[in-house]
Amino acid sequence: MRLERLLKSERMKKDTERFKDLLSNPFETFAKADEIRKRDVGEIVTYVVNRNINFTDICVGNCKFCSFRNRRRYLLTLEEIKEKVKEALDYGCTEVCIQGALYPNADLNFYKSIIEAVRDVSEEIHIHAFSPMEIHHMAKNSGLEIKEVLKELKTAGLNSIPGTSAEILDDEIRRIICPNKINTRQWIEIILTAHRLGIPSTSTMMFGHVEGWEHRIRHILIIREIQKKTNGFTEFIPLPFMHRNNELGKMVVPSSGFEDLLVIAISRIILHPYIKNVQASWVKLGVKLSQVALNVGANDLGGTLMEENISKFAGATGGEFLPKEEMVKIIKAVGRIPKQRSTLYEILD
Ligand code: SF4
């Protein structure tokens, strides 16, 4: 069945209703998620040693949840990007995660030059770069098809893409929180195209604003259906909305820590057995809540990051650098086994 038809199907409706039952007894849901996590991945908790590079905050977009756009109005030069990659290598990073705002008129060559700059410094480092929204932006500005753009990026050295800009995959919600962003169908199409070209991605969901549980569950079901088709997602990352310094934050009450945990638990249950890795984002949740999340379905803590601009401006207090040694301590403190991983979840130590 085609994905679009499936999204409107009776099965989707029934699954949404069925998984809503998990809300009636949260503590049972936590226990169930923890049990499934044990079966899926055992006691290992992974992390990746990586560096974030947000190359510009100059943006033509107008997402209402954004605290990052046009704040400093900077654009890193290719030399500055290279310097950051060198520092990342010196620290032992295996990945650079590169994302930026939607720089006016930026075309494929603009984005390719970033990849080439990284490759000038290192042939080996994993380049995890450019959200589906950025891919749409460069395709539009170059007058090219998505497929063409992705192929060229891959040839230039791109290894995987972040599954960000998914927010909530529901067009009614998207019209409220990010009216100029790609819609649900476009996000799915870009991800499917990437996966089919052998470019894996993460998957994300930004929750805790104007959506309800039904939207969250449907979003996770969409991720599950894509994964059944492509097996191209490496992980799922639920991201609570950060409400400071943005328009949307003034309109809504942020999610509670308890709710954040319930989203993680429900994600683990719905995505089983298709996606085995559910991340607790320490940047958004903070270290202590992330440790609790490891007991209700999560098995990954994400990256060391080294710098983090997007959540910081939106009020995240988790910090922007979590050294490897800290990751290990945090994981051991909850009685689990820390392991460094690659972007694609190969165990490295
Ligand atoms: S979320 Fe990204 S695309 Fe949207 S306004 Fe912010 S920087 Fe621009």
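Helices (H or I, at least four residues) and strands (E, at least two) are DSSP runs, numbered from the N terminus. The structure is a predicted model, in which local features need pLDDT of at least 70 and side-chain atom pairs count only at pLDDT 80 or more, while totals for chains, interfaces and linings use all residues. Residues are numbered from 1 along each chain as its sequence is written.

A residue is called buried if 20 or more other C-beta atoms, placed from the backbone, lie within 10 Å of its own, exposed if 12 or fewer do, and partly exposed in between. By this count 11 of the 15 residues of α12 are buried, so the helix is largely enclosed by the rest of the structure. Among them are D260 and R268, along with L261, L262, V263 and I264.

Turning to the strands, two of them pair if DSSP finds at least two bridges between them. Contact here means that the C-beta atoms of two residues, placed from the backbone, lie within 7 Å.

Strand β3 (residues 95–99) is joined to the parallel β4 by four bridges, and E95 stands opposite H126 in β4. In a regular strand the side chains alternate between the two faces of the sheet. In β4, H126 and H128 point one way and I127 and A129 the other, and all are buried.

A second open sheet is also built from three strands, here in the order β7-β1-β8 with parallel pairing. Strands β7 (300–303) and β8 (337–341) stand at the edges with a single partner each, so one side of each is left without a neighbour in the sheet. Five bridges join β1 (residues 44–48) to β8, and V48 stands opposite R341. Helix α16 (residues 324–333) lies across β1, β7 and β8, running at about 145° to β8.

Back in the loop between β2 and α4 sits T56, which is buried, with 20 other C-beta atoms within 10 Å. Leaving aside residues up to four places away in sequence, T56 touches Y74, L75, L76, G100, A101 and Y103. T56 and L301 are 245 residues apart in sequence and 26 Å apart in space, C-alpha to C-alpha.

Key: Axes fitted to C-alpha atoms, helices over the stretch in contact; angles between N-to-C directions.
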